[in-house]
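Hi there,

Here is the structure I promised to pass on.

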Amino acid sequence: DNDAMNWYQQALDYQHNNNPGSALISVNSALRVSPELVVAKQLKQILEQEIETSSMLQHANQLLKEGKVVLPKRDNALAAYQQLATFWGNDDIRVQQGYKHVADYYYNQANIQFNRNNLNQAKSLTGSGLKIVSNYPPLLNLKNLISEREIATQIRLKQLAELEQFADNRH
């Protein structure tokens, strides 16, 4: 059992140094020597989850790089970060960074539509981004700009209608 504890301690050291692969090898060695070592079984589960979530994070980041932010439906960065949030929670910095990248994507797409004066599309994209990161300053600013432009457009349309009415009354 002393050998098992040595393997277990080595596994803890590897884990502490952010090397879950080597830690898993050591914990498996501990379990070969002493299959009923409860702390080793528990550590093995933790390490397997760390390795799985690390792989999931790499996949999510890769999807971002490939531009697969919200599509295809089943294999996109947003879905991957949401899955990671089930392990780590929404407050985890890696999950928050991922969500911020997705919000950036929505901001960029909304801004393109705003600049083309496609206000409904810009508003929809902004809303989608704010559902992911509700207090994201670029999206909040763009939302305000869209509202201001909508109001200005309504005022201009009303003024045009009044001018046309005035012109019709003069003839």
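**What lines the pocket**

By class, the lining of the largest pocket is made up of four nonpolar, three polar and two charged residues. For these classes, Ala, Val, Leu, Ile, Met, Phe, Trp, Tyr, Cys and Pro count as nonpolar, Asp, Glu, Lys and Arg as charged, and the others, Gly among them, as polar. Please keep in mind that this is a predicted model, in which local features need pLDDT of at least 70 and side-chain atom pairs count only at pLDDT 80 or more, while totals for chains, interfaces and linings use all residues. Residues are numbered from 1 along each chain as its sequence is written, and side-chain values use heavy atoms, with hydrogens and water left out.

The lining residues are Asn 90, Asp 91, Gln 96, Gln 97, Tyr 99, Lys 100, Ile 132, Val 133 and Tyr 136. Helix 5 gives the largest share of them, four residues. The volume of this pocket is about 170 Å³. A pocket here is an open set of points on a 1 Å grid over the protein atoms alone, where a 1.4 Å probe fits, with protein on both sides within 12 Å along at least five of seven lines; lining residues have an atom within 4 Å of a point. The volume is the space filled by probe spheres set on the points, which are joined across faces, edges and corners. Helices are DSSP runs (H or I, at least four residues), numbered from the N terminus.

**Backbone points in the loops**

Most residues other than glycine have a negative phi, and most peptide bonds are trans. Leu 71 and Pro 72, however, are joined by a cis peptide bond, with omega about 0°. Pro 72 is in the loop between helix 3 (38–65) and helix 4 (77–88).

Asn 18 has a positive phi, near 55°, and is in the loop between helix 1 (2–16) and helix 2 (20–33). With 70% relative accessibility, Asn 18 counts as exposed (over 50%; buried is under 20%, and partly exposed is in between, with a 1.4 Å probe and protein chains only). Phi is also positive at Asn 117, near 65°, in the loop between helix 5 (93–115) and helix 6 (119–132).

**Charges over rings**

Arg 94 lies over the face of Trp 88, at 3.6 Å from the ring centre. Likewise, the charged end of Arg 149 sits over the ring of Phe 114, 3.8 Å from its centre. The cut-offs are NZ of Lys or CZ of Arg within 6 Å of the ring centre and within 35 degrees of the ring normal.

Best wishes

Key
Helix = DSSP H or I, 4+ residues; strand = E, 2+ residues; numbered from the N terminus.
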